[in-house]
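This report describes selected elements of secondary structure and the way they are arranged.

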Amino acid sequence: MTQRPAQDRHTPVLLARVVELLAPALAEPGAVYVDGTLGMGGHAEAILRACPRARAVGIDRDPQALELAGRRLAIFADRFTPVAARYDEIDTVLAGLGLSAAQAVLLDLGVSSLQLDEDDRGFAYRVDAPLDMRMDPALPMTAADILNTYEAAGLTDILRRYGEERFAGKISRAIVAERASGPFTTSARLVDLLRRVIPAAARAKSGHPAKRTFQALRIEVNGELAGLAAALPRAIEACAPGGRVAVLSYHSLEDRMVKKVFAAGATSSAPPGLPVELPEHRPYLRSLTRGTQTPTEAEVAHNPRAASARLRAIERTAATPPGRAAALAEAAWAQARRGVGGHGVPDRGVPDRGAPNRGIPDRGMPGRVDWVGGMDRYGASSTNEAFQEGRR
Ligand SMILES: C[S@@+](CC[C@H](N)C(=O)[O-])C[C@H]1O[C@@H](n2cnc3c(N)ncnc32)[C@H](O)[C@@H]1O
């Protein structure tokens, strides 16, 4: 790992707005801010500066990120606690620190510039590097393992769902044929294959031929949608009433899930036609963002990697009525299953704790292909490409 300090390696997205949304919940002495995606610590540092009486718990699954952000935030001494964990473990992390609740939680999803800029992490397609893509090096499966072991049908499924790749079937068959002459190890061979397989006309229109496949592999390796589905309800439940949760998404699969989950708590669950709304049906979340908020053109010009960011935030206005937490968790999993289809998310019910996010190997294709509605509203793989462009 190169030794550039954390603050030089990643520009935090929508920084002022995130601070503005979360700071009101962090005014009291000892208020707890949980940064579920600590990364290079940019958002965490801004929150700690803006909220001098709050403390921050910084979670990341990437040990390199924790080390660099830990150095950056050491100036805050006992106001900052780094924790190596997944963000869906927020409740056990808090309990382990003896904290009963958080007052604010941030999830800034996706890869950090650190992960993209370190060639040996294997996230970048513009250099020939090992096909790894694990955010946590302890995960059992790399991108190369997927390419070398998944059946063609499984490969097609993830390329279609996570990459919105029109040529998913063709690419998958080519991968299976290619690996007969030796396993995939580094990215150049995959990129060459994609250049051969994707027709020139399509390449001219839709950017770098590898962008959608790389995004799909990354999401599969890291179990990203399953992890988010598990995390969102737990982040909300971890917040005390008055607490706030903000999520920065970078593609529509993530943003749709955030939207569904927030809406499940921010709208009445009363069946239509009831004369009186019983307390258990009342909304217990309040949207702070009215839809999504996006970076300005000036921010994108300065930081192209912000291009596809969408911010949503809610305030928890009351304790969760009985049964509503389960409904909210089911909303998250329903959305995840639409985007996942059998690779990291069980087909029925909310999975056991710890089940998601493990990078589960292919167990064959689910019967249905229940794609979430065609093309990404703000451009398939747009973040992936903006991030990769940012390398040049
Ligand atoms: C976009 S970066 C966050 C950048 C950060 N907000 C900053 O200002 O520097 C996302 C980070 O989340 C981490 N991450 C992704 N999925 C995670 C998960 N399920 N649990 C914990 N950390 C995760 C990644 O390792 C990465 O460091």
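Helix H8 passes helix H9 in a right-handed crossing. In this predicted model, the two axes come within 10 Å and cross at roughly 130°. Angles from 65 to 115 degrees count as roughly perpendicular and those over 145 as roughly antiparallel; H8 and H9 are therefore oblique to each other. On the H8 side the contact is made by Lys-170, Ile-171, Ala-174, Ile-175 and Glu-178, and on the H9 side by Leu-193, Leu-194 and Val-197. By class, this contact of H8 with H9 has six nonpolar residues, two charged residues and no polar ones.

The sheet is open and has seven strands with mixed pairing, in the order E3-E2-E1-E4-E5-E7-E6. Strands E3 and E6 stand at its edges; each has a single partner strand, so one side of each is left without a neighbour in the sheet. From one strand to the next, the twist averages 20°.

Ser-287 stands opposite Ile-314 in E7.

A further helix, H12, lies across strands E1, E4, E5, E6 and E7. Its direction is at about 155° to that of E4.

| Helix | Residue range |
|---|---|
| H8 | residues 168-179 |
| H9 | residues 187-197 |
| H12 | residues 224-238 |

Key. Residues numbered from 1 in each chain as written. Predicted model: local features only at pLDDT ≥ 70, side-chain atom pairs only at ≥ 80, totals over all residues. Pairing = 2+ DSSP bridges. Helix = DSSP H or I, 4+ residues; strand = E, 2+ residues; numbered from the N terminus. Axes fitted to C-alpha atoms, helices over the stretch in contact; angles between N-to-C directions. Contact = placed C-beta atoms within 7 Å. Parallel < 35°, antiparallel > 145°, perpendicular 65-115°, else oblique. Left-handed = near helix turned anticlockwise from the far one by under 90°. Nonpolar A, V, L, I, M, F, W, Y, C, P; charged D, E, K, R; others polar.
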